[in-house]
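Reader: Hey, I've got this protein open and I'm a bit lost. Can you walk me through it?

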Amino acid sequence: LVEVAHRVYLAQNSLVSGLSQLARLIPVLHCELCNEVHIGYVGHEIQTCTGPRSGSSLLGAQCMFGEGEGLHMWSTSQNAFIFMT
């Protein structure tokens, strides 16, 4: 079991290292209102934000009515923020 734990630990370090290298080439965006992450140059406009200040309705359901409700507020992220939280 100890050997398996060591291999898992090394694999996790390898994964985080590879993702960090990838994130240097492709922007990582995060929503300032919820915990969603988007990988790419422009965040999507799908109204799925369920953060407390997003304007979405209660219970995390997306509101079908009203301008801008449930929209994400995308911001650039640092690698440590994404991979360490």
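**Strands, helix and surface**

Author: Two strands count as a pair if DSSP finds at least two bridges between them. Helices (H or I, at least four residues) and strands (E, at least two) are DSSP runs, numbered from the N terminus. One caution: this is a predicted model, where local features need pLDDT of at least 70 and side-chain atom pairs count only at pLDDT 80 or more, while totals for chains, interfaces and linings use all residues. Residues are numbered from 1 along each chain as its sequence is written, and side-chain values use heavy atoms, with hydrogens and water left out.

Reader: ok, and what does C31 stand opposite in β3?
Author: C31 faces W74 there. H30 also has a counterpart in β3, namely S75.

Reader: how many bridges pair β1 and β2?
Author: There are 3 bridges, again in the antiparallel sense. In that pairing H30 stands opposite V37 of β2. A hairpin of 5 residues leads from β1 to β2.

Reader: so what's the order of strands in the sheet?
Author: The order is β2-β1-β3, in an open sheet of 3 strands with antiparallel pairing. β2 (37–39) and β3 (74–76) are at the edges with a single partner strand each, so one side of each has no neighbour in the sheet. From one strand to the next, the twist averages 35°. For that angle, axes are lines fitted to C-alpha atoms (for helices over the stretch in contact), and angles run from 0 to 180 degrees between N-to-C directions.

Reader: are the faces of β1 covered or open?
Author: Both are covered: V28 and H30 are buried on one side, and L29 and C31 are buried on the other. Buried means under 20% relative accessible area, exposed means over 50%, and partly exposed is in between (1.4 Å probe, protein chains only). In a regular strand, side chains alternate between the two faces of the sheet.

Reader: zooming out, how many helices and strands are there?
Author: The protein chain has 2 helices and 3 strands, and along the sequence they follow the pattern α-β-β-β-α. Of its 85 residues, 25% count as buried. Its accessible surface is about 6500 Å², and 62% of that belongs to carbon and sulfur atoms. Those areas come from the Shrake-Rupley method with a 1.4 Å probe, and for residues only the protein chains shown count as cover.

Reader: new topic, how many salt bridges?
Author: The count is 1 salt bridge, where that means a side-chain nitrogen of Lys or Arg within 4 Å of a carboxyl oxygen of Asp or Glu. The side chains of R7 and E3 form it, at 3.9 Å from N to O.

Reader: where do R7 and E3 sit?
Author: They are in helix α1, 4 residues apart, so about one helical turn separates them. R7 is exposed because its relative accessible area is 52%, and E3 is exposed too, at 57%.

Reader: which residues make the nonpolar surface patch?
Author: L15, L19 and L22 make a patch of about 250 Å². Patches are made of residues with over 30% relative accessible area and no salt bridge; like charges are joined within 9 Å, and nonpolar side chains (Val, Leu, Ile, Met, Phe, Trp, Tyr) within 5 Å. L15 is located in helix α1 (residues 2–25), and its 52% relative accessibility makes L15 exposed.

Reader: last one, is A23 buried or exposed?
Author: A23 is buried, since its relative accessible area is 15%. A23 lies in helix α1 as well. A23 and G40 are 17 residues apart in sequence, with their C-alpha atoms 9.5 Å apart in space.
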